[in-house]
Amino acid sequence: MEITNVMEYEKIAKEKLPKLVYDYYASGAEDQWTLQENRNAFSRILFRPRSLIDVSEIDVSTRVLRFNISMPTMVAPTAMQKMAHPDGELATARATSAAGTIMTLSTCATCSVEEVASTGPGIRFFQLYVYKDRNVVRQLVKRAEEAGFTAIALTVDTPRFGRREADIKNRFTLPRGLTLKNFEGLDLGNIDKTVDSWLASYAASQVDQSLSSKDIKWLQSITSLPILLKGVLTAEDARIAVEYGAAGIIVSNHGARQLDYVPATIMALEEVVYAVEGRVPVFLDGGVRRGTDVFKALALGASGVFVGRPTLFSLAADGEAGVRKMLEMLRDELELTMALSGCRSLREISRNHIKTDSDFPHYLPAKL
């Protein structure tokens, strides 16, 4: 089958993966309204393309923090990738490096930070949950630093895990033979099966529900790495993030797996962008399946996007080659969208290139 767009990988993954694994990757919280809205909201944003512009050369490269990357599409943290493919996070690391972009490794990965580093050079961030045992956090951060990871993506939207009913029905547990590699030796890597979802039980027992803004400062005291806050959806939290020294913000609703009926991330993005007033970069995570989605996010002020489920599904479908092709397709679609919109570089993408039904016609002259 000739793959022509990213969505087709999910169909293949659904056929190949055990139901328990596919449901874990694909499902959202409760009614899954936000899961659908993460995609649907993009369709309500329309283009205002410009013509009569020389677009014979298009540059989609950009800079994130201090790193030059080939495109504004990066890989989000997704847990337990060996459930999708035997090479798991190692394949994703190789593919992302080959594409010249950034990979974010999940705390709950089935390959360790050291194993991912062993795949060769690449720009890699480490996603972090804060655990009740702060010594565990210190060890994880130190190991990430020593393995060459260059930023911490602190997840802030999981004081408790959302109610993911598919996992409850399936009695989700990590498949036999797999472990959470970053926790080996810390007595946290193997949790027994429960009558509920294994992951919910694990999180309830380990994640620190008292996490607050003051812990950003604590984390800064144990690492010199820049800290991005992942899971921000409001202007209020965005301002707090800046106040407490975050190096960037990732607008995310955790793949719609936490609180249902929160806005799609693309709908929450502009509020956060306005709140930070350019003081830190803002990124989007959630619902991206097309290069047109990337363009829309950039037009609303994002400095880049992270993709999660497309990584998992392309990995399940065709391993490293699948992830490479997925990133390549998103890059090519973005370049085409830019050309057809009259943008030669990411800097030329502006709010004037899109509109929504609720927009005031801000693109009209102030005086007629």
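Let's start with Tyr 24, which is buried because its relative accessible area is 6%, under the 20% cut-off. This tyrosine sits in helix α2, which covers residues 19-26. Please keep in mind that the model is predicted.

An unreviewed UniProt entry lists Tyr 24, Tyr 129, Arg 164, His 254 and Arg 257 under "binding site". In the model, the lining of the largest pocket includes Tyr 24, Tyr 129, Arg 164, His 254 and Arg 257.

With a relative accessible area of 9%, Tyr 129 is buried.

Which residues surround it? Setting aside neighbours within four places in sequence, Tyr 129 is in contact with Thr 107, Cys 108, Val 137, Thr 155, Thr 158, Phe 161 and His 254. One of these partners, His 254, is itself listed by UniProt for "binding site".

## Asp 208, a buried loop residue

Next comes Asp 208, in the loop between α8 (198-206) and α9 (214-222). Its relative accessible area is 12%, so Asp 208 counts as buried.

Beyond neighbours within four places in sequence, Asp 208 is in contact with Val 130, Tyr 131, Lys 132 and Arg 134. With Arg 134 there is also a polar contact, side chain to side chain, at 2.7 Å.

## Lys 14, out in the open

Is Lys 14 buried or exposed? Lys 14 counts as exposed because its relative accessibility is 53%, over the 50% cut-off. This lysine belongs to helix α1, made up of residues 7-16. From Lys 14 to Tyr 25 there are 11 residues in sequence, and the C-alpha to C-alpha distance is 9.9 Å.

Finally, have a look at α13, which takes in residues 309-341. Although α13 has 33 residues, its end C-alpha atoms are only 27 Å apart, whereas a straight helix would reach 48 Å at 1.5 Å a residue.

Note on methods. Residues are numbered from 1 along each chain as its sequence is written. This is a predicted model: local features need pLDDT of at least 70, side-chain atom pairs count only at pLDDT 80 or more; totals for chains, interfaces and linings use all residues. Side-chain values use heavy atoms; hydrogens and water are left out. Helices (H or I, at least four residues) and strands (E, at least two) are DSSP runs, numbered from the N terminus. The expected span of a helix is 1.5 Å times one less than its number of residues. UniProt positions are given in the numbering used here, feature names are shortened, and annotations may be inferred rather than shown by experiment. On a 1 Å grid over the protein atoms alone, a cavity is a set of points where a 1.4 Å probe fits but cannot get out, and a pocket is an open set with protein on both sides within 12 Å along at least five of seven lines; lining residues have an atom within 4 Å of a point. Buried means under 20% relative accessible area, exposed over 50%, partly exposed in between (1.4 Å probe, protein chains only). Contact means heavy atoms within 4.5 Å. A polar contact is a pair of N or O atoms within 3.5 Å; within protein, one must be able to donate a hydrogen and the other to accept it, and residues adjacent in sequence count only if both atoms are side-chain atoms.
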